[in-house]
Amino acid sequence: MMHTDTTQTFSHPQQTLTHEHAWMLESAHNTSDGMVLYVRCGAGCGARRIDRQGLIETPPSAVSKVVGG
Ligand SMILES: [Zn+2]
C-alpha cells in the first residue's frame with residue numbers, strides 16, 4: 001500500500017518580519033485608569049504598542065476574608 005501524504009504547503013513569499021516582538025519599555029505614564037506603557041520592539045522592526053496596566057490587572061489582594069457561606 002502506498003501512503004500519499006497530501007501536505008499542503010503554502011509558500012509564503014517574503015513574510016513581512018515575522019518574529020516575536022521583543023517589547024521594550026520606552027516610557028510609562030500614570031493615568032487615572034492606571035499605567036500606560038509605551039513599548040517598542042527592541043529587534044528594530046519599528047513596531048510599537050501601547051499597553052495599559054490598569055487597575056484590572058492588579059493582583060488580587062485579600063482585603064476582606066470570606067467568612068462562612
Ligand atoms: Zn518586532
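Visitor: What makes β1 and β2 a pair?

Guide: Two strands pair if there are at least two bridges between them. Strand β1, residues 23-31, and strand β2, residues 34-41, share eight bridges, in the antiparallel sense, so they pair by that cut-off. Together β1 and β2 form a hairpin, with two residues between them. For individual partners, look at Asn-30, whose bridge partner in β2 is Met-35, and at Thr-31, which stands opposite Gly-34 in β2.

Visitor: Why is Thr-31 called exposed?

Guide: Thr-31 has 9 C-beta neighbours inside 10 Å, so Thr-31 counts as exposed. This residue lies in strand β1. Its C-alpha atom is separated by 9.6 Å from that of Arg-52, 21 residues apart along the chain.

Visitor: Why does Asp-33 count as exposed?

Guide: The cut-off is again 12 or fewer. With 11 C-beta neighbours inside 10 Å, Asp-33 therefore counts as exposed. You will find Asp-33 in the loop between β1 and β2.

Visitor: Which residues is Gly-42 in contact with, leaving aside its neighbours within four places in sequence?

Guide: They are Ala-22 and Met-24. A contact needs C-beta atoms within 7 Å. For Met-24 there is also a C-alpha to C-alpha distance to Gly-42, 5.8 Å, at 18 residues apart in sequence.

Visitor: How do you know that strand β1 is hardly covered?

Guide: Buried calls for 20 or more other C-beta atoms within 10 Å. Among the nine residues of β1, the count of buried residues is zero. For the chain, 0% of the 69 residues count as buried.

Visitor: How much of the contacts in the chain with a separation of 6 or more comes from residues 24 or more positions apart?

Guide: Such residues account for 10% of those contacts.

Visitor: What is the average pLDDT of the chain, and which elements score lowest and highest?

Guide: The chain averages a pLDDT of 77, and 61% of the residues score at least 70. Among the elements, strand β3, residues 48-54, has the lowest mean pLDDT, 86, while β1 has the highest, 92. Where pLDDT is low, the predicted coordinates should not be read in detail.

Methods: Residues are numbered from 1 along each chain as its sequence is written. This is a predicted model: local features need pLDDT of at least 70, side-chain atom pairs count only at pLDDT 80 or more; totals for chains, interfaces and linings use all residues. Two residues are in contact if their C-beta atoms, placed from the backbone, lie within 7 Å. Helices (H or I, at least four residues) and strands (E, at least two) are DSSP runs, numbered from the N terminus. pLDDT is the predictor's confidence in each residue, from 0 to 100.
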